[in-house]
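Subject: Structure handover and notes

Hello,

Please find the structure below, followed by my notes on what was found in it.

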Amino acid sequence: MHRATTFPVLHAGMNTQLRHWREAATLLLAAGCGAPARPVRSLLGPFDYEMLLLQRSHRSGFLPSAHVFPGGLLEAADFSADWLGLLPALPRCGLGSVRPSPPGGNRAPVFATDRADLGSPLPGDVAFRICAIRETFEEAGILLLVSGPGPATDPGPARLLPQHHLPPGPELAEWRRRVQQEPACFLQLCRYLRCVPNIWALHEWGNWLTPVPRAGRGDRRYDTAFYLCCLEERPPHTSQDEQEVTGFQWSTPPEALELFKSQEICFAPPQFYELCRLCNFSSLCDLHRFGSDRALEGCERWMPVTLAASDGYIQLLPGDELYPKDPDYTGEKKLFLSTDKKVEELMKEDSKLHRVVIQNLNNLTVHVNIQPKYKHINPLKIDSNIVGSNADCNSRL
């Protein structure tokens, strides 16, 4: 949830040296759904899980009316030393250690920053996960908690707290309202329930930095940590907060892309990219296994760089032939790429591709032919104009 505070307050753990963007966390939340109860509309066939998508209010200052994954701004309460009284007294609170970056690699600063140097008693990997879990409760009413003091011994998809462990509906709704008003109340709720945030169910997935806005635009920018969480159960009870979130739905990745193609919902390029990447996995167990194993490798930061062509836009990503060697992360250089060439010409001229082609708001295509870093996986090549009809859905790029 993006609160009314415009300027960050000095708090331990929060990177207050950032002037051009705010740090945030978001959650790709997958829940098992078993056999499909409705006809499959995609050439990819049936999926046994669905992803949670939230519709932002049309009054939102960032991505109005778009469908997004749950998440929001990092708050000082996410770094509170009081969490150490609830979480296990283990290195990184029991989270697995991320392997050192490979030669030529550069782990995303949002993950690599030593928060102890910023005065935090809590590792950044823990605080960002707490943020994603808190925001999921605020925006969707879903509590990702565990009753034990440490990580579950079951390596499979996570389980929710039994219903009898939760307060009655009206009481839980009041807790949700309090957390929305004051993030520190989330720790109070965990104490009250004698539970802890299930940080061990969240696996590092990616990092997207909002592009530098075009000239004359004062867009908000966020450095967002993306996590993956797989739930064993069918999609849990979900409810929008009627503030920033006015609707929600659970959809398989191909279904979500179908809805985007038919202009029933709207995505920003990062959400479109990640849903195309999730299309590699029709099985929840396969997705969970890949996500949990791969997370130990870390990930790199991606800031799309926009190239304006004569008939559309291309968002260039790291590794693309046209991606700048020294990206203008802050926007202070005021460099904006443009060409008189058409998108098709650029696609034929370039050999190393990692880009999202944007013809219009509901016509996006991801083009990737480079080897992904950190043992990640490239998205399927899915043209949002032809999902479910003639899309090349069988080859992994």
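Which residues form one aromatic cluster? Trp83, Phe137 and Phe186 do.

Before the rest, the conventions. This is a predicted model, in which local features need pLDDT of at least 70 and side-chain atom pairs count only at pLDDT 80 or more, while totals for chains, interfaces and linings use all residues. Residues are numbered from 1 along each chain as its sequence is written, and side-chain values use heavy atoms, with hydrogens and water left out.

Overall picture

The protein chain has eight helices and 15 strands. Helices (H or I, at least four residues) and strands (E, at least two) are DSSP runs, numbered from the N terminus. Of its 397 residues, 55% count as buried; buried means under 20% relative accessible area, exposed over 50%, and partly exposed in between, with a 1.4 Å probe and protein chains only. Taking contacts (heavy atoms within 4.5 Å) between residues at least 6 apart in sequence, 73% join residues at least 24 apart.

Aromatic rings and charges

Rings of Phe, Tyr and Trp (its six-membered ring) pair if their centres lie within 6.5 Å; planes under 30 degrees apart count as stacked, over 60 as edge-to-face and the rest as tilted. By this rule there are twelve aromatic pairs. In one of them, Phe111 and Tyr227 have ring centres 6.0 Å apart and planes at 85°, so the pair is edge-to-face. This pair links distant parts of the chain, with Phe111 in helix α1 (residues 109–112) and Tyr227 in strand β8 (residues 222–231), 116 residues apart. Phe111 counts as buried because its relative accessibility is 5%. Tyr227 has a relative accessible area of 0% and is therefore buried.

Leaving aside neighbours within four places in sequence, Phe111 is in contact with Asp125, Glu204, Gly206, Asn207, Ala225, Phe226, Tyr227 and Cys299.

Two arginines sit over rings. A charge is taken to sit over a ring if NZ of Lys or CZ of Arg is within 6 Å of the ring centre and within 35 degrees of the ring normal. The charged end of Arg178 is over the ring of Trp175, 4.2 Å from its centre. Arg301 lies over the face of Tyr329, at 4.5 Å from the ring centre.

Helix α5 and what follows

Why is helix α5 (residues 253–261) described as largely enclosed by the rest of the structure? Eight of its nine residues are buried. They are Pro253, Pro254, Glu255, Ala256, Leu257, Glu258, Leu259 and Phe260. Their cover includes β2 (49–56), β9 (245–251), α6 (269–278) and β15 (363–368).

Gln263 is found in the loop between α5 and α6. Its phi is positive, about 65°, although Gln263 is not a glycine. Gln263 counts as exposed because its relative accessibility is 59%. Tyr374 likewise has a positive phi, of about 55°, without being a glycine. Tyr374 is in the segment after β15 and is buried, with a relative accessible area of 6%. As background, most residues other than glycine have a negative phi.

Cavities

On a 1 Å grid over the protein atoms alone, a cavity is a set of points where a 1.4 Å probe fits but cannot get out, and lining residues have an atom within 4 Å of a point. Grid points are joined across faces, edges and corners, and a volume is the space filled by probe spheres set on the points. The count comes to two cavities of 30 Å³ or more.

The second largest cavity has a volume of about 30 Å³. Its lining is Leu143, Leu144, Leu145, Ala158, Arg159, Leu160, Asn198, Ala201, Cys229 and Leu231. These divide into eight nonpolar, one polar and one charged, where Ala, Val, Leu, Ile, Met, Phe, Trp, Tyr, Cys and Pro count as nonpolar, Asp, Glu, Lys and Arg as charged, and the others, Gly among them, as polar.

Asn198, one of the lining residues, is in the loop between β6 (196–197) and β7 (203–209). Asn198 is buried, at 9% relative accessible area. Not counting residues up to four places away in sequence, Asn198 touches Ile133, Leu144, Leu145, Val146 and Ala158.

Regards

Key. 1 Å grid on protein atoms, 1.4 Å probe; cavity = no way out; pocket = protein on both sides within 12 Å on 5 of 7 lines; lining within 4 Å.
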